Amino acid sequence: MSEEAVKSASEEATASKEDLILELKGITKIFPGVKALNNVHFQLRRGECHALMGENGAGKSTFIKVITGVHAAEEGHMYLNGKEVHFKGPKDALEAGIAAVYQHPTIYPTLSVTENIFMGHEFVKNGLIQWNVMNREAQKLLDRLDADFKTSDEMGTLSVAQQQMVEIAKALSTNAKIIILDEPTAALTANESEKLYKIVDQLIASGVSVIFISHRMEDMYRLATRVTVLRDSQYIGTYDVDKITNADLIKAMVGREIKDMYPKPQVEIGEEVFRVEHMSRTGYFEDVSLNVHKGEIVGLTGLVGAGRTETMESVCGITKPREGRVFVDGKEVHIKNPSDSMAAGIVLLPEDRTKEGLIMDWGLGDNVTLPIQDEIAKGPFKVKDVQKEREIAKQYLEEVDTKALTIFDPGSSLSGGNQQKVVVAKALCQKNMKVLIMDEPTKGVDVGAKAEIYGIMGDLAKKGYGILMISSEMPEILGMSDRIYTMCKGRITGCLDVHEASQEKLLELSMEHGTGETGAKEAAE
Amino acid sequence: MEEKKSLWKRITGSREASLVLILVVMLILVECIQYFGGNGHFLSPTNIGQIFRNNALTMLMALGMLCVLLTAGIDISITSTLAFAGMIVGMLQKNDVCHNTFLLFLIAALIGLACGFLNGLIIAKGHIAPIIVTMGFMYIWRGLAYVVSGNQWASGADVAQFAEFGKDGSAGPYIILIAAYVIFFIVLKWTTYGRRIYAVGSNMEAASVSGINVDKILVSVYMIMGLLAGLSGALSVSIYASAQPNMQYGKEMDVIAACVIGGVSMNGGRGSVVGTFLGALFYAVLAKALPLVGLDSIWQNLIKGIVVLAVVLINTLTQRAMDRAALERREM
Amino acid sequence: MAGKSGRTISIEPKKGKFFRWETGLIFIFIAVMIFGTIVSPSFNIKSVFMNMPKYLAEMFMMYAMGYILIIAEIDISVGAIVCLAATMACFANNAGLPFGLQVIICIGIGTLCGILNGAILTHFTELPSMIVTLGTQIIFRGIAEVSMGSGGSISLTDTKAYAALGGSIGIVPIAFILIIVTALIFIFVLSKTTAGRKLYAIGSNHTTALYSGIKVQKVRMICFVLIGTMAGVCALFLLATSFGANTTTGQGFEMDVISMCVFGGIATTGGKGNLVGATIAGFTIVLLKIVLSLLNVSGQTILVVIGILLIVSVLIPSINQALTNKKKKAALAKA
């Protein structure tokens, strides 16, 4: 820590002579129950693209919201063009020339594009809004960004990439001098990302300073000149992008070197336990076929929006597919709703733990036994057997090593990683489970807990469960899977053995329709 | 052919246009039945005047309800506010405290404004579901209306002078209606305040992040609603020449239904003054036309209910069809 | 079997909260009783029981409404269902059908209305229950109005059986006994069985409930049918004291039962509250009505009291929450 402190101190000395447009010192932000930011520093030079990096929950988004005046910091100072400023609300920040494009575009879905762009700073004459002028100006901005939609389109009907473009147009319309982009590429395809890079280049060329938050290293290398790292709500350091190595940067972000991240055990792969044939749902995915064997971990990767989650939701009866068949242990099963799916032995761990996996204000114990409560219950009236439920919950929560004091702790009191463990425990207590479908099992989970979850996956494979893991993270797909399917635009584009797979190959298959050769080979087996 | 199709699509695609179409068809039908049945014109000035006069209260309050629904809220206390304000206006006259028509309208409006302010304040600052808060006040104002009345009515003789304003043939109610609709049309479409209401209902979090004072907007829409409900209280006394504590009981649902027919979404952010007007008008014409086509007035509610439900269900089905079409077009 | 780290997790439940909503309600209930004894000389157990049947009918629906609110839905058509069911029972009575058949018709009509609500809501899951029941409310009352004809009211011709239903065993009204039985059943199901836990799960987070294998749509259907049935029962007991129906029968009942539930601590946002609280709240309001009627106070004045109780009871948790947040923040800022 001291070494880094020295580094940042020396940087501060040199920076004071530079042309800083924005500087934040000693920012501390407290939420009920947590310190979201603890003494964070940040400097932005005029006309630079500055990346802000850190793990999920490191405090990046909160920090951005302090800059834009959404949150008021408890401690610290903020200087704009050398003068100290206090923003009472987002409006102050906007007027000072700071605009943010958030990760989830903060759009008004029922309103038009024009209105979304000019909300808060409309053209007003004699108290009346000048719709004609606004539509014209909006069209100019869209032209500048090379947009492929109309100003009169309803915002809710646009794609995420298009909505982001509107948000950028909105930032431009305020004549912002500082534009903050919060994870802008997370939901974009490669082509769309490239388009975004060009827009950012254009912004920088026109004298705008950009703060860029991203998970993706390639974003940072492509765009940023400097990078500031946050970890556990604390400031770690600011580095020049061309002077820091990838490994050092990761070390700064996670706080330690990660060895043996993927404890993949060698497991004898058994018979086929799960097979999906020709699954289709109009507009989401077409003709998806795949299979999983006992003891096998199968990866399913692809870009966001490729239809991976949607396919598995249809398999488990959450949405209705147009056609397709599902087999467990070679026998066809008919799944109309999730309880049918569980009865057949297929358990889905959903992507969004807080919204789909857990009831956040319930105790952990009740969450774990929720799917099996009817089996535990006594008598014809299904009277709850509370004691038995508690014991079962305790057993499985301990088996996955949840960091909790009692089974009555609410789900909201746990970190992302521990929440994921509770969701796993919830699946494990279902005795007839044969196949476990894990959708982005380590999303929003910090590095330490990630390794633990991989450990659990390995143990499950050893016990003979079939595991299907949906993931966008190439390292974890390559590190944990035996076999990998890729999906693109709703279709399976390839199936590779882990030994023949590489990051490049998977990416290529995820980007465009594969030849189907590898997939065909698998199907022939 | 191509041209025609797009015109047809535009009409069916826009709620307002399709409502106008249905209204026109309905009016022509009723007119024909009426005229060829030898009963004179349906669309006579008297009839049209009555349609508006009989439904002035619903039409007026629908504007306020539009604002409330736009913020994804609801206000079911309005007819209680109406009764409370109306009852006070009635009693002031009965006890010969005040007979000035303008002053009485002002008093009613201010009472309504205060009632609405309380609603808005608790909803915005207490973060409590609007339906619960307004339900509480629905009881309170209705109860107070009874308390104020002291189990008495203000009869036609008591409010004779005041009733001049709203009597059959007087321009009073029409002026209020026209003024209100013009003002709301301009405010909601062409002022920043109006658009803020849409913004809050469309995405409250985004509105707050982009610096809109959400609480202020919320309080203000309930105040507008209250103001209109108070005004309607006075108007009701004037039109029906009496004030009773149970007046307009249960009619808040009519107001909401008129908005729903007019395409106002209960999820917020969607709806227009024109749509609300057409919805309320549709409701009003239906009420007037049913007896003429041989359906007794007791059939009114049943038909109204079926229309409301049908509109809601047809809406959903169209939306589904549109979503499905969009999915099928999607590149795979 | 402890985990790898040897960490164990306790299953000892924490001690209950010092103050519970129900405790407060009991105090209010007692306060109303004391108030009644002081202000009215005729207030005693006998006079209370004698006046009770008139006010009890609504409470039958309250329990089902509790379920509806707990799964984060709402049903504002129940008042109209009561009207329709009562009207049809009157027709059956006037046609000279046996009493048993009248009961079946009354409750059956209620159930049918519930089935209609439920069917629409489970087939059009994107629609909020508020808007659907708003539509069906107008329809149900409309059907009642059409069948009553231009008179706008209908009376029982043979009131004997209904009078018996509105009567007492000793001094205890039959309605009261049945309310207690209903309460026990509904409370048992909600708090002791897995079905009750499913209701809470759906109300807390219906997506998680669905992913956990709960048949959400089936449960919603059952709840809406149940409240229809209970509205039928309510109509039956209403007839037992009013011996007839008119176009305003049951008007405002939906709001009355919702306010009883909310006053009893059930959140309209779903997943919170229980029927014990609602029961105490319901009886408190019934008692209050009786006291005021003994005092010859206009029945409408009680509306003000109910309204204030309702607003205060929803404001307290909200203020409480704001205060704890403030405290937490202050404590952390210090640390």
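Which residues in helix 14 of chain B meet which residues in helix 15 of chain B?

Author: The model is a predicted one, and what follows should be read accordingly. On the side of helix 14 of chain B, the residues concerned are B:Tyr283, B:Leu286, B:Ala287 and B:Leu290; they meet B:Gln300, B:Ile303, B:Lys304 and B:Val307 in helix 15 of chain B. Divided by class, this contact comprises six nonpolar residues, one polar residue and one charged residue. As to geometry, helix 14 of chain B spans residues 273–292 and packs against helix 15 of chain B at an angle of about 145°, the two axes being 10 Å apart. The crossing of these two helices of chain B is right-handed.

Helix 15 of chain B also takes part in contacts beyond its own chain. Between chain B and chain A, 21 residues of chain B are in contact with 24 residues of chain A. On the chain B side of that contact, two or more residues come from each of helix 10 (192–202), helix 11 (204–209) and helix 15 (300–329) of chain B. Helix 10 of chain B gives the most, with five residues. The residues on this side of chain B are eight nonpolar, seven polar and six charged.

Towards chain C, the contact takes 41 residues from chain B and 39 residues from chain C. By class, the side of chain B that touches chain C has 29 nonpolar, nine polar and three charged residues.

Helix 3 (residues 78–94) and helix 4 (residues 99–123) of chain C have axes that come within 8 Å and cross at roughly 150°. These two helices of chain C are therefore roughly antiparallel to each other. Their crossing is right-handed. Helix 3 of chain C contributes C:Ile81, C:Leu84, C:Ala85, C:Met88, C:Ala89, C:Ala92 and C:Asn93, while helix 4 of chain C contributes C:Leu101, C:Gln102, C:Ile105, C:Cys106, C:Ile109, C:Gly110 and C:Cys113. This contact has eleven nonpolar residues, three polar residues and no charged residues.

Among contacts in chain A between residues at least 6 apart in sequence, 69% join residues at least 24 apart. One of its sheets is open, with six strands in the order 18-19-20-15-21-22 and mixed pairing. Strand 18 (346–349) and strand 22 (491–497) of chain A stand at the edges with a single partner strand each, so one side of each has no neighbour in the sheet. On average, neighbouring strands of this sheet are turned by 20° against each other, direction ignored. Strand 22 of chain A pairs with strand 21 (residues 483–488) of chain A in the antiparallel sense, over six bridges. Within this part of chain A, A:Ile484 has A:Leu496 of strand 22 as its bridge partner.

How values were computed. Residues are numbered from 1 along each chain as its sequence is written. Chains are lettered from A and ligands numbered from 1 in the order in which they are written. This is a predicted model: local features need pLDDT of at least 70, side-chain atom pairs count only at pLDDT 80 or more; totals for chains, interfaces and linings use all residues. Axes are lines fitted to C-alpha atoms, for helices over the stretch in contact, and angles run from 0 to 180 degrees between N-to-C directions. Helices (H or I, at least four residues) and strands (E, at least two) are DSSP runs, numbered from the N terminus. Angles under 35 degrees count as roughly parallel, over 145 as roughly antiparallel, 65 to 115 as roughly perpendicular and the rest as oblique. A crossing is left-handed if the near helix is turned anticlockwise from the far one by less than a right angle, and right-handed if clockwise. Two residues are in contact if their C-beta atoms, placed from the backbone, lie within 7 Å. Ala, Val, Leu, Ile, Met, Phe, Trp, Tyr, Cys and Pro count as nonpolar, Asp, Glu, Lys and Arg as charged, and the others, Gly among them, as polar. Two strands pair if DSSP finds at least two bridges between them.
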